[in-house]
Amino acid sequence: DPAPGVPGATAGWVGKPQIDDSGAVAFEGFLTGSGINGSNDLILWYGQPGALEVVAREGSQVPGLPVGGVYDDWEVTYTMGSDGTFAIGAILIGPGVVPGVNDKALLIGRVGLLQPVIRAGDQAPLLPPGVVISPEGTFFAEFADDGRYMPAFLLTGPGIDGTNDVVFYAVDAGVWHHLARTGDQAPGCPPGVKF
C-alpha cells in the first residue's frame, strides 16, 4: 500500500499493531521506494483507520534535540499507553551525539508532542551525584492506565557494579519516584533478601 505520510513510498512490511482506548492503532513498518534506504526506512504510524500519522521515522529530526539530531533507530520496539501516549527508546545520531556516551534517549508523549525525558549520560534521578544513566541498557517504559509510566535503566558511575546497577522508576506528572534497584531489600522478605 502507499505509505501514509511519506509521498511516493510504499509500505514494504508492517508489524504487529497496538490499539488504544479510542480505537486508534499504532504499528511499525519498513518503507520501500525511491530515496528509501537503510538510513530512513523504519517508521512508526498511529491513528484511526484511514487517518494514520507518522509518529517517528528513522533519519528524521528527534524532538528536543539540536537541528540534525535524528533517529538512527529505536530499541526493541515502542510502547503505547491506553490514551495514545508513546514511549520510544531512541538511538540517536547527529551533532553532539557521542556513540556509547549519550546516543540513547527515552522519548515520551503523544503524536507531535514527543520529548526526551532522559538521555544516556544524564544524572540518574534520586541517586548520588556522578551516578548516570548508562548507554548500555535498553531504554523503554511501560504505562499505567492513568498516564504514569515506569522506565528502567542500567547505571554507571562511582560505586556502581553488578550488584546495584539496575533501577526502576515510576514517573507521575513529571515527578520521578524510586521503585526498586538491584541491591535493595526485597519488600515482605526476611532481612538480607535483596533484589
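I take buried to mean under 20% relative accessible area, exposed to mean over 50%, and partly exposed to cover what lies in between, with a 1.4 Å probe and protein chains only.

**Setting up.** I am reading a predicted model, in which local features need pLDDT of at least 70, side-chain atom pairs count only at pLDDT 80 or more, and totals for chains, interfaces and linings use all residues. Residues are numbered from 1 along each chain as its sequence is written, and side-chain values use heavy atoms, with hydrogens and water left out.

**Confidence.** I looked up pLDDT, the predictor's confidence in each residue from 0 to 100, and found an average of 95 for the protein chain, with 99% of the residues scoring at least 70. For elements I used DSSP runs numbered from the N terminus, where helices are H or I of at least four residues and strands are E of at least two. Among these elements, strand S6 (residues 70–74) has the lowest mean pLDDT, 93, while strand S11 (residues 132–133) has the highest, 98.

**Ser134.** I found Ser134 in the loop between S11 and strand S12 (140–143), and at a relative accessible area of 6% this residue counts as buried. Its side chain reaches the backbone nitrogen of Glu136 at 3.0 Å. I then listed its contacts (heavy atoms within 4.5 Å); leaving aside neighbours within four places in sequence, Ser134 touches Ala120, Phe139, Leu154, Leu155 and Thr156.

**Aromatic pairs.** I counted rings of Phe, Tyr and Trp (its six-membered ring) as paired if their centres lie within 6.5 Å, calling planes under 30 degrees apart stacked, over 60 edge-to-face and the rest tilted. The search of the whole structure gave ten such pairs. Tyr46 and Phe86 have ring centres 5.4 Å apart and planes at 90 degrees, so I noted the pair as edge-to-face. Because Tyr46 lies in strand S4 (residues 42–47) and Phe86 in strand S8 (residues 86–93), this pair ties together parts that are 40 residues apart in sequence. Both partners are buried, Tyr46 at 8% and Phe86 at 0% relative accessibility. Phe86 also pairs with Tyr78, this time tilted, at 5.9 Å centre to centre with 50 degrees between the planes, and Tyr78 is buried at 1%. Elsewhere I noted a cluster in which ring pairs link Phe139, Phe153, Tyr169 and Trp176.

**Nonpolar cores.** I used the term for a set of buried Ala, Val, Leu, Ile, Met, Phe, Trp, Tyr and Cys residues joined through side-chain atoms within 4.5 Å. The largest core has 21 residues, and those with the most contacts inside it are Tyr71, Phe86, Ile88 and Leu107. Two or more residues come from each of S4, strand S5 (53–57), S6, S8 and strand S9 (104–109), with S8 giving the largest share, four residues. A second, separate core of 20 residues includes Leu106, Val131, Phe153 and Val167.

**Leu107 and Val62.** Leaving aside neighbours within four places in sequence, I found Leu107 in contact with residues including Val62, Tyr71, Phe86 and Ile88. Val62 is found in the loop between S5 and S6 and is buried, with a relative accessible area of 0%.

How values were computed: Polar contact = N/O pair within 3.5 Å; in protein donor to acceptor, adjacent residues only side chain to side chain.
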